[in-house]
Amino acid sequence: MAENEDGTEKTEDASAKKLSQAREKGNIARSRDLSSAALLIVAAISLYGVGALMVRDLTRLYHFNFDIAREDIFDVALMVHHLYVSIMATVDSLTVFMAVVAAAGILGSIMLGGMNFSWEPLAPKLSKLSPIQGIKRMFSVQSLVELIKSIFKIALVGGVATLVLMYYLPFLRSLTFESTSSALEHAIEVLIWAFIFVASSLVLIAAIDVPFQAWQHKEKLKMTKQEVKDEHKQAEGDPQVKGRIRQLQRQAAMRRMMADVPEADVIITNPTHFSVALKYDQKNARAPILLAKGSDFMAFKIREVGNHYDIPVIQSPALARAVYRHTEIGDEIPEGLFKVIAQLLAYVFQLRRSRNGEKPPEAMPLLDVPEEFQWDGNI
């Protein structure tokens, strides 16, 4: 099982964030054996496809270069022309072959891990120059695995090549009795088939190496439980920090709310558990607005501020609970409470005018809260 430098076991699969970061650094699963197998197999098949064309070109090139007159050898201009014609004689077949092989090399390298480009692997690292780190890499488990793979590859490819050579050996001996053109054609045919068999043996190596490389890459990127927690904290935010932020936000909102209480026209209380502060701007508002609300200690603070600024504090448990339950700070009271709040405000405004010498109001009206707005105060 993979371990961290401090010995902590990496038991968790890599997160999407870590996989993305690894990809940006060029750390992705790659299989050189898959690339080699794809390149050589496609090259072998391509040789088989363009083999006849290459035989034709080589035959023409053979006759062209061996049928040269003696006096032409001493003519520099003629020799340059000869070289140009020799090169162009193989361009068509070699161009097709090289184009297909180049495409196979590119596709083979991105079949595992996909296409990716990063400057990170090109950046100089002092650890690569350290003799100690170099010795560690030489005697690491990874180096041992690569050594075993190399021995297996040499044995497999060498064994297949030996079997192919033994199979075609009598045929190769018979080439000495054929004409030059026929021997060249048959020799290339044998070479192509031998190449196909040897290249095909690499499929077995790639079939073993690809799952191994994918597993090894996954193991290297595994994370410890603590790393998962730390990443989650970075992505979602530290719960303690978030809790502190919410607390500060609530405190700021409470301060703003308490700062609005002195502007209230009336404070309605439970009388102890709930308090709500209402303001009615007859010119600019359609209905009374809830400036502040609170329960328990906050309800006490609202009443305290109200008393300090000489704001009428009315005890109406049912109405206080209804407004607290169905209205948010800064919103207008629900339409269903218009009537009962209007009765209360009329009484409050009369009470306020009585302080200026006007006739005092009669007894406070009965505040009948509609049944659908009644609430017992339990959450």
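The following exercises, each with a worked solution, examine a predicted model of one protein chain.

Residues are numbered from 1 along each chain as its sequence is written. In this predicted model, local features require pLDDT of at least 70, side-chain atom pairs count only at pLDDT 80 or more, and totals for chains, interfaces and linings use all residues, while side-chain values use heavy atoms, with hydrogens and water left out.

**Exercise 1. The chain as a whole**

Task: State how many helices and strands the chain has, and what percentage of its residues count as buried.

Solution. 
Step 1. Helices (H or I, at least four residues) and strands (E, at least two) are DSSP runs, numbered from the N terminus. The chain has 12 helices and 4 strands.
Step 2. A residue is buried under 20% relative accessible area, exposed over 50%, and partly exposed in between (1.4 Å probe, protein chains only). By this rule, 32% of the 379 residues are buried.
Step 3. Accessible areas come from the Shrake-Rupley method with a 1.4 Å probe, and for residues only the protein chains shown count as cover. The accessible surface of the chain is about 24700 Å², and 62% of it belongs to carbon and sulfur atoms.
Step 4. Contact means heavy atoms within 4.5 Å. Of the contacts between residues at least 6 apart in sequence, 74% join residues at least 24 apart.

**Exercise 2. Salt bridges**

Solution. 
Step 1. A salt bridge is a side-chain nitrogen of Lys or Arg within 4 Å of a carboxyl oxygen of Asp or Glu. The structure holds 6 of them.
Step 2. Between Lys149 and Asp209 the N to O distance is 2.5 Å.

Task: Carry out the analysis for Arg352 with Asp265 and for Arg286 with Glu332.

Solution. 
Step 1. The side chains of Arg352 and Asp265 form a salt bridge at 3.5 Å, N to O. Arg352 belongs to helix H12 (residues 338-354) and Asp265 to the loop between helix H9 (239-260) and strand S1 (266-269), so this pair ties together parts that are 87 residues apart in sequence.
Step 2. Arg352 is partly exposed at 36% relative accessibility, whereas Asp265 is buried at 7%.
Step 3. In the salt bridge of Arg286 and Glu332, the closest N and O atoms are 3.2 Å apart. Arg286 is exposed, with a relative accessible area of 56%, and Glu332 is partly exposed at 33%.

**Exercise 3. Strand S1 and its partners**

Task: Describe which way the side chains of S1 point and in which sense S1 pairs with S2 and with S4.

Solution. 
Step 1. In a regular strand the side chains alternate between the two faces of the sheet.
Step 2. In S1, Val266 and Ile268 point one way, Ile267 and Thr269 point the other way, and all are buried.
Step 3. Two strands pair if DSSP finds at least two bridges between them. S1 pairs with S2 in the antiparallel sense over 4 bridges, and a hairpin of 4 residues joins S1 to S2. Ile267 stands opposite Ala277 in S2.
Step 4. With S4, S1 pairs in the parallel sense over 3 bridges, and Ile268 stands opposite Ile314 in S4.
Step 5. Ser316 is in the loop between strand S4 (313-315) and H11. It is buried at 8% relative accessibility. Apart from neighbours within four places in sequence, Ser316 is in contact with Ile268, Thr269 and Leu367.

**Exercise 4. The largest nonpolar core**

Task: Determine how many residues form the largest nonpolar core and which element gives the largest share of this core.

Solution. 
Step 1. A nonpolar core is a set of buried Ala, Val, Leu, Ile, Met, Phe, Trp, Tyr and Cys residues joined through side-chain atoms within 4.5 Å.
Step 2. The largest one has 26 residues, and those with the most contacts inside it include Ile268, Leu278 and Val323.
Step 3. S1, S2, H11 and H12 each give two or more residues to this core, and H12 gives the largest share, 7 residues.
Step 4. Not counting residues up to four places away in sequence, Val323 touches Val276, Leu278, Leu290, Leu337 and Ile341.
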